[in-house]
Structures are given as structure tokens and as C-alpha cells.
Amino acid sequence: MLRNRRTEMMVAYILVAPFVLIYGWMFIYPTIQMVRLSLTNGPLIGPGKWIGIKNYVRMFIDPVFRKSVWNTAYFVVLTVVPGTAVAMAIALMVSRLRGWAQSLILSAFFLPYVLPVTVVYLIWNWLTNVQFGILQVPIAFFVGEPVNVWRTVPWFMPGAALITIWWTNGFSILLFLAGLRNIPQELYEAAALDGATRGQMLWRITLPLLWPITTLCLTIQLILQMKIFDQVYLFANGGQTQATMVMVQYIYEQAFQKNAGGYSATVAVALFVVVVVFSVLQYQVLRIRGTR
Amino acid sequence: MKLSIKAALLAAVMFATAAQAKETVVWWDFLGGGDGVRMKKLIDDFNTEHKDSIEIQASTLAWGTPFYSKVQTSTAVGQGPDIMTYHASRIPLAVSESTLTEISADDMKTMGLSKDSFAGATWDAVHVDGKQYAVPFDTHPIVLYYNKDLLAKSGLIGADGLPTGMTGLDNFDAALKKLKADGNQYSIATVTADGSFAFRTIYSLLCQQDGDIGTDGNWFPGDSSAKLAKAVQVIADWVKNGYNPAKTDYPSTVALFTSGKAPLMINGVWEVPTMTDLKAQGKLFNWGAIEIPALFAHTCTYEDSHTFAIPNNVGVTVDPAKHAAVLEIIKWMEGHALFWATAGHIPANKAVTESAEYKAMQPQATYQPLVAHGVFDPKSIHAGVASPLFDAAGNAFTPAINGESDPVAAVAEMKATLDALQ
């Protein structure tokens, strides 16, 4: 059949148009508006005066902003690689199980993932309550006295990271399990015939073939954890919020509590740039390693 | 009487309408706890009584910042409710954002209320620059809850059946020492995990020394900084001496008190229903609640007020019939505030607190007189519940009351945070 290239292009444009329009309207336009707002001193609602890059100047000398960048980075370090490693380890173990035992254990690990963050908060707040929490028994055993994890600054981020890994691990485990099932069984059989040990099989077959999944998990985790907000907000509420401030929380606080729409947008632009740079960088780095 | 007023109202505002239609009033509140249950009952009663004329369609939203940002954003686009509950302490910010409609003198007359219906500080708290923006429904201060059985054991209950020997900081600390020595795990339970909650106590103690929190530019006038540090030191000392649990959150302090592990507790009057209900189930000791004693020069307690406010929905022309219905609701609620008092809150309407029924309510009637010398949040757009001021208090005071930082340094830090607000 003869095709007219021009009509073909037309059809293609018409087919992608709805997506492009909605994407432009719901994503590109608000992003431009955010950058525009960051150059004003506007409140949360309503117009503001154009103040150029004043907000950006303020941001770079703002100690709370620096703290929030540092805390976000610290949280990312505590969650992304450890979380992915834990998920991989669990997936490797779960994949050795068969039948209902596997389903049971898998659902046990997946269960926290379906909980809303408020429930996660309530469960862990109850577990770690300084007066009545049952986790205070082991804490008191190791530290010597009960510790309010959420009101002791050095404990806060590791605590939040631990809960986040517990909470969000189920999804990564599923991804790893899918990856493990995609590795052809013949490879292991061939390796066994060649006299490979289990350690060698893990290092030479399983891990290299899981690399694309690992890359995916790390990227998803990185973007997700850079946007950390809910857990930190809930656990810190009322206490030393500045000492444990993370970037999205700072955006929220400036916009909704301090009514500083302009400055809030400035911090949001900063986070946007950071997320874009890091996800591109990470993807490139991991791709290079993967094609080696 | 009520019917005739309503008829007059309707006649006055509904002359253009031939038939009387049932008016639907959208209501938003942030009352989620025990008081929320009571408010729902009041709303149901109202709806039953007005089933031919007015219907309240109520929604309860999350207390604090979520409620206020929703109100602010929705009124800006004309999608706000017709009536809402509002904290008096949040009115200055709301007015600066044009979120609220002014309550006119005519409105007050229609509702049969006036300046004389309310305590001075409460009345003042709903005004900004001489204009009234809300109708106070209650006053909710913090009070001192006590375990009568344990206090009696330590000889701290007087002949009148109320706690005694607690006036003045030295006496109060001596009482705490005695309670601790008599084998109580803690002497007093105040929230120490949340400096912004502790701020209510600290602010009361500041006021007791005639200290003040000002507004923008001059946050701590005169020697208020030193007095504020002194107030912080009081709680820090309780924690240091083991009288008060360290880094303990709100629910835990209530649990420590109700389980008899701490014979005293400073908390809001809204915990009264918790005690009443437990007592009714036979699960609580003899208890009471009194005004926080004068630890310094005189008594003075932090309080806030739940008020009724009418949002300024941008672009929406107010229908007089709707406005009349809203006023009728406020009037009715103010008249039925006695039931609201069971939630612990002190009805703002003096006609209610002066009634014989209210005077028979305990412990409400015991602590009610404190409204005569209460102190509200400073009138600043940065003050009020869940405000930057509370936030600054949380950041500065949480470590200070738990002995992790020096109170004087904490006050300086708080001042720096407040000065940086813009």
C-alpha cells in the first residue's frame, strides 16, 4: 500500500496532540509559572511584586535552606543504596522459596507498602513512644535510657530512613523478583556443570543480570527519596523542625505556613534543578557501568 | 420570641423572594476530637429544630495548617464555606489576607449579642484595627489538672477540697518535690516533646511576670526576653529534677496523668471530656482542674477562642437570605453553648456562664473565672495556633526544656527567627 508521508505525519501529530496538550497544560505551564513566581515576592495566593533574583540571593545565605539541603542529601544517602541492597537481599531469599511459603513471606514484606504514611507514622510513633513504646526496651538496653527518637536530633534521620526502608521496600522487592525470574535457569545449570560454586553463580550470573533492575530501583528510589516530606513532617511536627528540615518540607512551610509563595517557589526551583541533575547523572553513570 | 425575631429577619431580608426556600449553609470546622462529637450533636439539634428553614451541611477538616491553608485558598476563588470555626489567634493573618468578612454592629444586634456578652480579652481578640471579624464561641485556656486522691495523700488538698500550697514558684516546686518524695513516678506531666505546645505554659508564666510578646519589629519589649528565659527555666528545672518527664508527647502526658503516674498535669480544658468519660466508666480517681496558680506575681493563663467567622468569598455576592441564616446559626449556637461546655471549653457568652446550670458544672465552674485575666496570642500575622510563632517556640524551647540548650540562648534564637520573618 502506498503511504503519503505527510498524512502519516499528520496522523502522528493528531495522536500525540492530546498528550502534548495535557502535558503542556498540567506540567510545562505550572513549571514556567513556578519559575516566574520565584522572581516575585508574591504570597501563596495573588500577585506579587517583581524582585528579580533577590529570592535566590536570600536562599543561598539562608541557614535553614542549607540545613534542608544537607538533611535531604543525608536522607538520600541513608535510604537509596541501603534500601535497594536490602530489597535485593530479601528478593534473593524470597526467590528460593516455593509455592505458598513464597506468597506468604512476600506479602509479609509487601504489606507495609500498602499503608498510608499516616498509619506508618502512628504505628512507629506508638512503637517508639518514650514512655510506653515497646521499642524502648531494646533502646534502653543498648543506650542505658529511653530515647525519644523523634526529639533527639542525631537519631532523627536514621530513624526516618529505617522506617522509610521498611515502608517502601515491598515495591523494590517485587521488581527484583521479576528480574530474578527473567534469568534463564539454563545459565545456572550450565554453570553447575562447569563446577561453579554458589558464590560464583551469584557474582557472575545473578548480580550482572540483575543490573538493569538495580539501576531502575536506584533511580526510582533516588527521585522518590529526594522528595522526602511526609515522614519527616509528621515525626518532627511541633519539635525542632528546623534541625531536621528537608527541602520539600521547607517549600511547604514557606508556602502554607509563612505565606511566602515567591520564596517557596525559589526553593522548589532549586529542588527541581537538583532532582533533574542527579537523575540524569545517576542514570548516565549506571548506564556506563551496565554496558561495561 | 425566637420565632418572631426570625420572622422579622426574614421579612427584612427576603422581601424579594415570594416563597420561603430552605436555606442550605455550608459549614467547615476543624473539631476532630471529643469536642467534634459535641459540635456534631449541636449541628444535628440545630438542623432538627430548623428542618423547614435552614440546613447546615457540615464538614470537618484537619486542624491547624491544613484547615487554614484550605480556607485561604478556597475563599480566594470563591469556593469557601458560608460559615466556619476559626481560632481568634488566627484572625490577624486572615484579615491581612482578606479571608474574613467583617461582622457589623447590625449583625451583632440581629444576634442579640454585644460587647458586654463577652470577657474583655475575648472580645478584643476578635478585633483587628477596631473592626470585628468573628463571634467568640468559647475560650479555651490551659488549666492544671489534679489527682485529688494523690494530692490528699501528700497533704496538698485544702479544707475547701481544692489543691493548696501551690502559690508562688517556691511553694509550687516544694509541692512537686513532696509529690516526688511520696513515691509518685512523676510529680507533674506537661508536654515536653513539643515546645510549641509547651509555649502555652511558658507564655502564661511570662504573662505572670508582666512580660509580653509584642509584634513585628519588637517581639520582646523591655525585659521580656529575660522573663521569657525565666519561664522556660521553670519547666527545664522540673525536667532536670525528674518532676516532669523529658521529651514526652501529648498523648503520653494524658496517659501518665490518667494512669495515676503523675498527680498533676498542665493541659488544655479540652481534655475535660476525657476525664469525665473515664470517671463515668469508673476508671478514674477523684480529679479536678483549676486555674494555673500564680508562680510569679499574679495569675495569668494563655487562652485562645473558637469563634464563628464568615469567609469573604471572592467574587461571590452574598445573598441576604443566606446571611440571615448564618446569623441565625451563630445566634442559636451562642444560646446553646451550655452543651459545648461539657467539652471543657468555657462558653464565651456570659449569659451561659452566669446561668445556674453552668455554675453547677464541675470542674468547669471552678476554672471559669480565669477568663477575667487570660492572655491571648499577640496580634500579629505571624502568631496564633500552628503559626510561625508557635513553630519558632517549638524549635527554640524543645531542646531548652529538656536540658539540651540554655534557656537564655533559646530565647535569643527564637528572637532571631522571629526577627527574620517577613
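**View 1. The two domains of chain B.** Chain B of this predicted model is divided into domain 1 (2-137 + 305-359) and domain 2 (141-303 + 387-419), with bounds that come from an automatic or database domain assignment. Their C-alpha centres lie 32 Å apart. Domain 1 of chain B gives 8 residues to the contact and domain 2 of chain B gives 6, where contact means C-beta atoms, placed from the backbone, within 7 Å.

Residues are numbered from 1 along each chain as its sequence is written, and chains are lettered from A in the order in which they are written. Local features need pLDDT of at least 70 and side-chain atom pairs count only at pLDDT 80 or more, while totals for chains, interfaces and linings use all residues.

**View 2. An open sheet in chain B.** Here 5 strands follow the order β2-β1-β3-β12-β6 (chain B), with mixed pairing. Strands are DSSP runs of E, at least two residues, and helices are runs of H or I, at least four, numbered from the N terminus; two strands pair if DSSP finds at least two bridges between them. β2 (54-60) and β6 (135-136) of chain B stand at the edges, each with a single partner strand, so one side of each lacks a neighbour in the sheet.

**View 3. β1 beside β2 in chain B.** β1(B), residues 23-29, pairs with β2(B) in the parallel sense over 7 bridges. Look for B:Trp27, opposite B:Ala58 in β2(B).

**View 4. Where chain B meets chain A.** In this view, 22 residues of chain B are in contact with 17 residues of chain A. α18(B) provides the largest share of chain B's side, 6 residues.

How values were computed. Contact = placed C-beta atoms within 7 Å.
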